[in-house]
Amino acid sequence: MTLLHSPRIVVALDYADAASALALARQLDPKACRLKVGKELFTCAGPAIVEQLQALGFSLFLDLKFHDIPNTVAQAVRAAAELGVWMVNVHASGGRRMMETTRERVEGLSHRPLLIAVTVLTSMQQDELAELGVQGTLEQHVLRLAALTRSSGFDGVVSSAQEVQPIKQACGAGFLTVTPGIRPASAAADDQARILTPAEAIAIGSDYLVVGRPITRAEDPLAALHAIRQEIGEVV
Ligand SMILES: O=C(O)c1cc(=O)[nH]c(=O)n1[C@@H]1O[C@H](COP(=O)(O)O)[C@@H](O)[C@H]1O
């Protein structure tokens, strides 16, 4: 197991106000985890919360899953880069031109965030994809979108940890896999469908584990984070 990317746990701060997000962040440690700001928190708290969390020393995944015409997404990602975030994502289904334009637009900036594209949401299952008219298996669709993401010059994908092995085989070991849908054995699945435990995800080669409710809704979030870090061998 390589710990090159340590800390590998990215805590999803899915809160409806800045104060709650900051209160949780202050219980955690930038050496033990990274943080993710998603649609809910960013919509209510805006760029200020990104700056406040970064000022606490955390590296930040700005998870706004952009999906729009190439110029709009490229400019939005550029704005995210200017906020100094560590990682930003788009939906791979926005297509090659959207991703290539984005990549070109952030090239040459003094700080370029990692560019990641979402393949198939971890809440989705095979029958829901069929309803959208997607042909073949869910794994085939994930791999199609991962290959497109790689050849568009992005750094990696968001997928379920269940698909990490075939993604690494098809796209190379250095192509990053960011995996939500992580659930310790005792935790509820909530609205996630394709889940693995932290230990399973790491064993299979996942680079970063996105974990929200199992930490943020725990009675003791720091203890929950510590238990997951122990499970993946990040601390002894
Ligand atoms: O891009 C993401 O981060 C993401 C993609 C995906 O396919 N599934 C997924 O759950 N996420 C995010 O990962 C987090 C998972 O949170 P929990 O289910 O509470 O652990 C949420 O903030 C989701 O928005």
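**A walk through a predicted chain and its ligand shell**

The shell around the ligand holds 7 nonpolar, 6 polar and 5 charged residues. This is a predicted model. Among the 18 residues around the ligand, those that come nearest are Ala12, Thr122, Pro180, Gly212 and Arg213. Two elements, β3 (60-66) and β8 (208-211), each give two or more residues to this shell.

Consider next the chain as a whole. Its secondary structure consists of 10 helices and 8 strands. The radius of gyration is 17 Å, close to the 18 Å that the globule rule gives for 236 residues, so the chain is as compact as a globular protein of that length. Along the principal axes, the C-alpha atoms fill a box of roughly 45 × 35 × 35 Å. Of the 236 residues, 41% are buried. Among contacts with a separation of 6 or more, 69% are between residues 24 or more positions apart.

Strand β1 (residues 9-12) pairs with β2 in the parallel sense, over 3 bridges. Alanine 12 has lysine 36 in β2 as its bridge partner, and Ala12 is also one of the residues that come nearest to the ligand. Which residues of strand β2 (residues 34-37) are buried on each side? Arg34 and Lys36 are buried on one side, Leu35 and Val37 on the other, and both faces of the strand are therefore covered.

Helix α2 (residues 39-55) contains leucine 41. Leucine 41 counts as buried because it has 24 C-beta neighbours inside 10 Å, and the cut-off for burial is 20 or more. Leaving out residues up to four places away in sequence, leucine 41 touches Leu13, Asp14, Tyr15, Ala21 and Ile49. Its separation from aspartate 14 is 27 residues in sequence, but 6.1 Å in space, C-alpha to C-alpha.

Helix α4 (residues 96-106) has Met98, Met99 and Thr102 as its buried residues. They lie on the same side of α4, because they cover an arc of only 95° around the axis. An α-helix has 3.6 residues a turn, so residues three or four places apart point the same way.

Not counting residues up to four places away in sequence, alanine 74 touches Thr101, Thr102 and Arg105; Thr102 is one of the buried residues of α4. Alanine 74 itself counts as buried, with 23 C-beta neighbours inside 10 Å. From threonine 43, alanine 74 is 31 residues away in sequence and 19 Å away in space, C-alpha to C-alpha.

The last stop is valine 157, in strand β6 (residues 156-158). Is valine 157 buried or exposed? With 29 C-beta neighbours inside 10 Å, valine 157 counts as buried. Beyond its neighbours within four places in sequence, the contacts of valine 157 are Ala92, Ile116, Ala117, Thr119, Ala146, Thr149, Ile167 and Thr177. Tyrosine 15 is 142 residues from valine 157 in sequence, and the two are 24 Å apart in space, C-alpha to C-alpha.

How values were computed
Residues are numbered from 1 along each chain as its sequence is written. This is a predicted model: local features need pLDDT of at least 70, side-chain atom pairs count only at pLDDT 80 or more; totals for chains, interfaces and linings use all residues. A residue is near a molecule or strand if its C-beta atom, placed from the backbone, lies within 6 Å of it. Helices (H or I, at least four residues) and strands (E, at least two) are DSSP runs, numbered from the N terminus. Ala, Val, Leu, Ile, Met, Phe, Trp, Tyr, Cys and Pro count as nonpolar, Asp, Glu, Lys and Arg as charged, and the others, Gly among them, as polar. The radius of gyration is taken over C-alpha atoms; the globule rule is 2.2 Å times the number of residues to the power 0.38. A residue is buried if 20 or more other C-beta atoms lie within 10 Å of its own, exposed if 12 or fewer, and partly exposed in between; C-beta atoms are placed from the backbone. Two residues are in contact if their C-beta atoms, placed from the backbone, lie within 7 Å. The arc is that of the directions from the helix axis to the C-beta atoms. Two strands pair if DSSP finds at least two bridges between them.
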